[in-house]
Amino acid sequence: MADFQKYKGGLAAGEAGKAGSGYAWASKRNFNEECQFIERVSPVECHIKKGFADGPASMNVPAKYYMTSEMDELMHEELAQYTRRSDKSAGFLPCVKQLANVASLPGIVKWSIGLPD
């Protein structure tokens, strides 16, 4: 995950449990912990492992997304900003979190897939 190391700014070690949230289930993982669920499988494809989604529902399938290197930087920057927020109960949800939420829907088969638009 060397390419994710340049994105600093998640909660510092030991602060993960201090983040306030409107929901008891909202993620308290820092950016580096979140990135442990993301695996690059090619220069344009990443997989999100089951377990990444927050909330009462768990992911039924893994997720994958396709992107350019420029888009990849933006996607990881928005995840880094999300992990720094203390209130995760409202506001913008990063696209990787949205993909994980889709993977939690009942009836989904094989993958939740994200494509650039």
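This report describes the cysteines, the nonpolar core and the ring contacts of a predicted model.

## Cysteines

A search of the whole structure finds 0 disulfides. The sulfur of Cys 35 has its closest cysteine sulfur in Cys 46, at 9.7 Å, which is too far for a bond, because a disulfide requires a pair of cysteine sulfur atoms within 2.5 Å.

## Nonpolar core

The largest nonpolar core holds 20 residues, of which Ile 38, Ile 48, Phe 52, Met 59, Tyr 65, Leu 79 and Val 96 touch the most other members. The elements that supply two or more residues to this core are helix 1 (31-35), strand 2 (45-48), strand 3 (63-66), helix 2 (69-84) and helix 3 (95-102), and helix 2 gives the most, with 4 residues.

Val 96 illustrates how these parts of the chain meet: once its neighbours within four places in sequence are left aside, Val 96 is in contact with Ile 48, Phe 52, Tyr 65, Met 75 and Leu 79.

## Rings and charges

Phe 52, one of the core residues that touch the most other members, also takes part in a contact with a charged side chain, since the charged end of Lys 97 sits over its ring, 4.3 Å from the centre. In the case of Trp 111, the charged end of Lys 64 sits over the ring, 4.3 Å from its centre. As for pairing between rings, the structure holds 1 aromatic pair.

Key:
Residues are numbered from 1 along each chain as its sequence is written. This is a predicted model: local features need pLDDT of at least 70, side-chain atom pairs count only at pLDDT 80 or more; totals for chains, interfaces and linings use all residues. Side-chain values use heavy atoms; hydrogens and water are left out. A nonpolar core is a set of buried Ala, Val, Leu, Ile, Met, Phe, Trp, Tyr and Cys residues joined through side-chain atoms within 4.5 Å. Buried means under 20% relative accessible area, exposed over 50%, partly exposed in between (1.4 Å probe, protein chains only). Contact means heavy atoms within 4.5 Å. Rings of Phe, Tyr and Trp (its six-membered ring) pair if their centres lie within 6.5 Å; planes under 30 degrees apart count as stacked, over 60 as edge-to-face and the rest as tilted. A charge sits over a ring if NZ of Lys or CZ of Arg is within 6 Å of the ring centre and within 35 degrees of the ring normal.
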